[in-house]
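Please look over the sequence and the 3D structure shown here before reading on.

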Amino acid sequence: MVKLEYTVLNAFTNSPDSGNPAAVILLPPPTNINKDDLFSAYPPTPALQEIATKLNYPMTAFLLPLGSEDGKYALRWIDPGTEVQLCGHATVALSEYLFSLPNSPKRLELETVKHGLVVSQRLSNPLKEGDERVALDFPEILGFKDLERSTEEWSDIVKGLKEVIGKDMPIAQLRRNDHYLVVEFEPDFDMSAGGLPLEMEKLVHHHQGHN
């Protein structure tokens, strides 16, 4: 039996009591890597799903080191119900974790199952000396449509978000395609200050009930 350690980080907040948590699991380096199928070196998907389900966080990121090159990993995101194609908050979390390790690079190249390369960098804030932030370069995803506030779909999504978050949030726009929902908050909403007061049990229940 292989023992795996995990770390939980809260994205979009400076407080341990708020934000959006994700578990990060750094898998042991594989002995052999098939360059034509990087993900064949992962443990079986049912085993990864069982781990993510037992942890019961909104997302678990499974990182697999790719050879001896610093900063290069294969990445899979799995929530308590299924494997997902992209996850922003878990990528912020895993980046913070990797950047905190001794002698870590300031640039990560993350190979994903469906969307190719995701790049994460540690960049200095030009407006505040000594302040460093995670910057993500995600692949472009097309086919989004803006939802109208007057539609039942908008109302259903806002109702679900309120159930999960526990209060009304200043939503400026909702966009979706066949796979993703993008929630855009009003410009004056500061997620880093107050965080997102998520109720984890409701988030998992709502997600599983709307697949």
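**A walk through the predicted model**

Ser-120 sits in strand 7, which spans residues 116–124; helices (H or I, at least four residues) and strands (E, at least two) are DSSP runs, numbered from the N terminus. This is a predicted model, in which local features need pLDDT of at least 70 and side-chain atom pairs count only at pLDDT 80 or more, while totals for chains, interfaces and linings use all residues. Residues are numbered from 1 along each chain as its sequence is written, and side-chain values use heavy atoms, with hydrogens and water left out.

Is Ser-120 buried or exposed? Ser-120 is buried, because its relative accessible area is 0%; buried means under 20% relative accessible area, exposed over 50%, and partly exposed in between (1.4 Å probe, protein chains only). Its side chain makes a polar contact with the side chain of Ser-95 at 2.7 Å, a polar contact being a pair of N or O atoms within 3.5 Å, where within protein one must be able to donate a hydrogen and the other to accept it, and residues adjacent in sequence count only if both atoms are side-chain atoms. When neighbours within four places in sequence are left aside, the residues in contact (heavy atoms within 4.5 Å) with Ser-120 include Ser-95, Phe-99, Leu-108 and Val-134.

Across the protein there are 5 helices and 11 strands, and buried residues make up 36% of the 211 residues. Of the contacts with a separation of 6 or more, 53% are between residues 24 or more positions apart.

Most residues other than glycine have a negative phi. Asn-56, in the loop between helix 1 (45–55) and strand 3 (60–65), has a positive phi near 65 degrees, and Asn-56 is partly exposed, with a relative accessible area of 33%. Asn-103, in the loop between helix 2 (88–99) and strand 6 (107–112), has a positive phi of about 60 degrees, and Asn-103 is exposed, with a relative accessible area of 79%.

Strand 9 pairs with strand 10 (residues 171–176) in the antiparallel sense over 2 bridges, and the bridge partner of Lys-145 in strand 10 is Arg-176.

Definitions and conventions. Pairing = 2+ DSSP bridges.
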